[in-house]
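Please open the model in your viewer with the chains coloured separately, and keep the selection panel at hand.

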Amino acid sequence: MADVRARGPSVTAGARPVAADARAVRPRLQRSRSDRLIGGVAGGIARHLGIDSVAVRLAFIVLSFALGFGAVCYVLLWLLAPLEEPSAVQPATEFRAPGRRLMGGLVLMAIGLILLLWITGLWFGGEQGWPLVLAAIGFAVLWARRGDERRGGSRWTLSQLGSPLESVVTGQVSLPRIAIGSLLIVIGMGVFLAANTSLAAAGNVLLAMIVAIGGAALLAGPWVWNMGRQLVEERSSRVRSEARAEMAAHLHDSVLQTLALIQRSAAPREMASLARTQERELRAWLYGRAPDVSGVRLRDAIDAMAGRLERQHQVRVEAVVVGDAEMDDQLRALVGAVSEAVANAARHSGSTAISVYVEVEADAVSAFVRDQGGGFDPDAVPADRRGIADSIIGRMERRGGSAAVHSRLGAGTEVVLRLPRKPA
Amino acid sequence: MSTRVFVVDDHELFRSGVRSELGHDLRIVGDAGSVDEAVPAILASSPDVVLLDVHMAGGGGRAVIEAVRSQQPSIRFLALSVSDAAEDVIGIIRAGARGYVTKSISAEELTSAVRRIHEGDSVFSPRLAGFVLDAFAGEAPQPMDPELDLLSRREREVLRYIARGYAYKEVAHELHISVKTVETHVSAVLRKLQLSSRYELTRWAADRRLV
């Protein structure tokens with residue numbers, strides 16, 4: 001059709017997600033939940049590079065002897081790399097937060113490492129070393145990763161590092177942490193500067209600048225890093241939703257139009273009803289109402305009911321819903337009664353179109369089911385019809401609602417249902 | 001004199017279908033498959049009613065309405081769409097269409113809808129009535145202009161009947177008023193929909209996050 005040509009660009013745009021998938025073959029660098037001794041860093045790197053995690057751990061240990069380079073790298077990656085999302089497949093027990101014992105081991109390892117460096121002469125000496133340790137602790141206090149990785153939770157906890165400081169700063173509130181962390185870094189920098197004033201006076205200005213820049217990086221670096229990462233994530237999610245919108249536009253102009261055409265054509269009734277069902281399902285998907293959640297909101301439940309009855313009885317069911325509400329037992333009863341009324345109209349009225357109107361008000365829900373068929377004389381009701389009307393009325397009354405059937409010969413029938421809503 | 005109709009839809013098959021269906025009772029003076037093609041052709045043939053697809057490349061039905069109305073305000077528009085996205089429907093009405101029907105409408109219904117638009121009435125399908133009730137639902141926190149931002153009790157009643165599938169004539173019968181009065185109410189609703197600055201109208205459409 002004409003616009004398949006016109007929409008050419010959207011086809012290429014639709015290919016974008018595929019390219020994104022190809023990029024995603026190598027897993028992102030995330031800390032591993034399952035392959036984890038301390039922070040899951042080595043496991044994550046191993047997964048990212050596709051090598052054995054033992055090799056990565058060995059590399060870290062070896063590098064740690066080079067002026068502690070490996071240890072510093074490890075800590076940085078721990079702080080910067082996101083923890084992977086818990087996967088549904090892995091049992092929850094596989095992930096345990098590092099316990100007290102592990103923490104104790106870590107502290108001992110750190111002390112041992114420092115002693116080792118000291119003894120071998122690699123440690124850069126107490127005077128210059130301790131301020132840096134102080135600053136590093138401040139950094140950790142400031143930037144221990146949030147307990148959960150999701151955006152929106154602005155609460156920061158120390159649970160990921162599980163540091164002893166947790167008991168001091170009772171986690172949760174970020175303000176004291178910011179204060180303490182900043183103070184430690186500033187003190188560290190200050191002491192470092194004070195200890196080094198004996199250096200050549202000419203170098204002092206440069207040194208002070210480097211120290212200040214280093215301090216600023218410690219204070220704000222991870223924040224800037226996080227901002228950048230969030231920007232990237234937001235951009236990729238926007239790209240995804242744009243691709244989806246373009247696909248929706250494309251489908252709208254092709255499939256939906258075709259389905260509309262089939263309905264207009266003189267095709268057998270069954271064909272038209274099939275096309276209508278397809279259209280309804282596709283539309284529900286396109287406009288964000290996934291078929292598998294139908295029945296959760298009243299609007300979806302009514303739509304699903306209308307679609308089902310259209311298929312069963314090959315009539316057109318025009319459903320209009322004003323307002324919406326979560327489904328509960330009351331509303332399920334109402335949808336059931338509406339469904340019976342529609343089925344009843346489809347079987348007996350001879351009308352090809354049935355109107356369903358549901359309005360949600362603050363304290364009650366009303367529903368109207370109307371056909372334009374032959375109608376009947378309420379005084380001369382066929383027994384089967386009476387029975388169904390009774391079942392609808394009975395169902396409503398048991399729930400504290402009401403039902404009425406209005407009909408006149410030659411003027412169609414309308415079933416009016418009203419049900420109070422459960423107080424929330 | 002029969003109503004002169006112009007059809008704008010980017011699907012040729014649909015255009016020819018409408019031509020053959022409406023050709024008996026109405027006079028089709030032209031058709032177009034794109035916004036750029038439609039505007040000069042409509043201005044040249046000055047039809048009574050334009051049947052307008054909501055979704056088209058180059059701005060859709062809204063662009064056509066805006067371009068034509070500034071030059072020939074007497075031409076009336078009836079929006080015709082497969083989309084029941086609330087945003088589209090409210091959008092095209094606010095641009096100036098006098099009614100909205102879905103493409104599954106029967107040929108007879110469409111013919112009568114075009115005639116009513118020509119006579120200056122508006123055409124509310126049950127779905128449009130539902131959208132309007134939804135859009136005006138609840139109390140406006142601070143109506144800027146109560147005349148425009150709220151529906152009267154009577155207008156609400158009329159819209160409810162339309163949403164329930166009643167024809168104007170049947171609504172008139174139920175409410176013991178004349179058909180003309182029903183039409184007056186519906187036109188008033190249409191005017192409010194077009195002119196109201198009610199915040200809910202935009203927010204409501206955005207909330208539904210429809211494409």
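Begin by selecting Ser46(B), which lies just after α2(B) and takes a positive phi of about 25°. Before going further, note that this is a predicted model, in which local features need pLDDT of at least 70 and side-chain atom pairs count only at pLDDT 80 or more, whereas totals for chains, interfaces and linings use all residues. Residues are numbered from 1 along each chain as its sequence is written, and chains are lettered from A and ligands numbered from 1 in the order in which they are written.

Next, step back to helix α2 of chain B, residues 35-45, and pick out Val35(B), Ala38(B) and Ile42(B), its buried residues; helices (H or I, at least four residues) and strands (E, at least two) are DSSP runs, numbered from the N terminus. Buried here stands for 20 or more other C-beta atoms within 10 Å of the residue's own, exposed for 12 or fewer, and partly exposed for anything in between, with C-beta atoms placed from the backbone. If you look down the axis of α2(B), the buried residues fall within an arc of 55°, so they line one face of the helix; the arc is that of the directions from the helix axis to the C-beta atoms. On the face turned away from the buried side, select the exposed Pro40(B) and Ala44(B).

What do the buried residues of α2(B) pack against? Show β1 (4-8), β2 (27-32), β3 (49-53) and α3 of chain B, which are their partners, a contact being two C-beta atoms, placed from the backbone, within 7 Å.

Now display the strands of chain B, which form an open sheet of six in the order β2-β1-β3-β4-β5-β6, with parallel pairing; two strands pair if DSSP finds at least two bridges between them. The edge strands, each pairing on one side only, are β2 and β6 (123-124) of chain B. Within the sheet, β3(B) and β4(B), residues 76-81, pair in the parallel sense over five bridges, and Leu51(B) stands opposite Leu78(B) in β4(B).

Finally, select α3 (residues 60-69) and α4 (residues 86-95) of chain B, which pack at an angle of about 5° with their axes 9 Å apart; axes are lines fitted to C-alpha atoms, for helices over the stretch in contact, and angles run from 0 to 180 degrees between N-to-C directions. The contact is made by Gly61(B), Arg62(B), Ile65(B) and Glu66(B) of α3(B) with Gly91(B), Ile92(B) and Ala95(B) of α4(B).
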